[in-house]
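Let's walk through this structure together, one piece at a time. Keep the model open beside the text as you read.

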Amino acid sequence: MALNGFSAPPPFPALAPEGWVELFLLAGPGDEACLRFEAPVARSALRRLVADERGRLAAAGLAPGGTVALRLPPSLGFVVSLLAAWQQESQVMLLDHRLTDHETGLALDRLQPQVLVQSAHRPSATLRGFAEVTPVALARPEGLPARTPHSLIQLSSGSTGPSKVIGRTATDLLRELDCYARLKDFPGEGERVVLLSSVVHVLGLVGGLLNSLYSRAPLSVPERMTAAGILAAVAADDRPTTLIGVPFHAELLAGVQAPPPLPQLRRMIVAGELVRPTLPAAFAARYGVPLGTMYGMTETGVIATDLSGSRHPRVEPVNGMHLRLQKGELDIRTEASPYPGGADSGRWSDGWLHTRDAAALDPGTGLLTVLGRRDSQVSVGGLKVDLTEVEQTLAALPEVHEAVVVLTGGVIEAYLAAEPGAEPAAIHEQLARQLAAYKRPRRLVLLPALPRTATGKLLRDPSGLRSAAEAAATPAAR
């Protein structure tokens, strides 16, 4: 069987095989460059580095069935530590390196890993796409071995509140890679990926890093996460190139007034949150290639896609994905709960994962339209308001770059990133022509930039938004 033009590894078994990392992620010609951070990394070199790191993890006390938390920035060290821990048949817990020491301590208390791998020094330069790190494995005597069969433990983005603990088995990850391999417009052999999404979270980890290793589409990370840095990474290689990121990155690139010719750019693919309605056309007009979209969750990985950009906002479910609507909420068929230890049991029942997303399913085509969070549909004075509709109306205004709309104490509030000099009165006037009075925000807050989670998603927690507004209104201390 050939997938994306190359001979695929053997079919995935019902259970993850012994040696699945070597079979599916590290296999391939030794002289083939598979990664590029500061310099290209050949597969043979990656295999040697992983073997060496596996020995260091074992020396720190990590055994098969053990648990290890990685607190590393995007780097070769992260990739090597991740694959080595999986080779050791251990459960890997991913912590975002941008968490404070206090936040990291709380996560460690919650997850209880036996080993913590972190950088020997704290990376600097927040706009750097990757770091050069020396991973250090520290034993944690109070840690516990794996209590579930999950190979991967992740924390959700926390854009709307506290993070959820989510587990995925090796079989789950291999199933998702098979879904990507079946998408003709997803990068495969002979192409390359420039990854902008965080490798700590599901899009960057599976859709970016693991798919690149599996499909033999070399992965590059820009040296700097600026528009110029991203475009330079695309221009550095003549092979057909796909950008993978979140809508924020597409907004950043669409704002470039005169980008250089990039004949190798094939498309950009974004996921993580709803795309501003006018962004796909703006991106395509700027670069002459489509802005594809994907819908997914940390719990399941990719769910549905529109990689050609021709169906927006509709997306097509990937292979094997079974969906249903229950009172307007999207449910996904899953064999087991993705929440270790039965936590968040209200999100999964009787073989169905309850996404908490409002959606529409076309019975004729099977296409899915994600309408936003179910909690975005609120009642104001007894009248139903869809906050997603208000957000998208605001985001379509010429002076507004981004918008987040929340309900606080029965009052609709809107937080906007807008053009310098934008006036709330002018925005209110435009909204009055497009939205009924009961849908319009009572309060508009204009900020230089909207706060985001570590994954690049817009923060939707009202308390976090208020804190950002207070910080912007407070003069800097002298």
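How many bridges join strand S6 to strand S9? There are 2, between residues 91–94 of S6 and residues 152–155 of S9, and the two strands run parallel. Valine 92 has leucine 152 as its bridge partner in S9. Helices (H or I, at least four residues) and strands (E, at least two) are DSSP runs numbered from the N terminus, and two strands pair if DSSP finds at least two bridges between them.

A word on the source: this is a predicted model, where local features need pLDDT of at least 70, side-chain atom pairs count only at pLDDT 80 or more, and totals for chains, interfaces and linings use all residues. Residues are numbered from 1 along each chain as its sequence is written, and side-chain values use heavy atoms, leaving out hydrogens and water.

Now step back to the sheet. It is open and mixed, with 6 strands in the order S8-S7-S5-S6-S9-S10. Strands S8 (135–139) and S10 (165–168) stand at the edges with a single partner strand each, so one side of each has no neighbour in the sheet.

Finally, visit glutamate 419, in the loop between strand S26 (411–418) and helix H11 (424–434). Its relative accessibility is 37%, so glutamate 419 counts as partly exposed (buried is under 20% relative accessible area, exposed over 50%, partly exposed in between, with a 1.4 Å probe and protein chains only). Leaving aside residues up to four places away in sequence, glutamate 419 touches Pro398, Glu399 and His401, where contact means heavy atoms within 4.5 Å.
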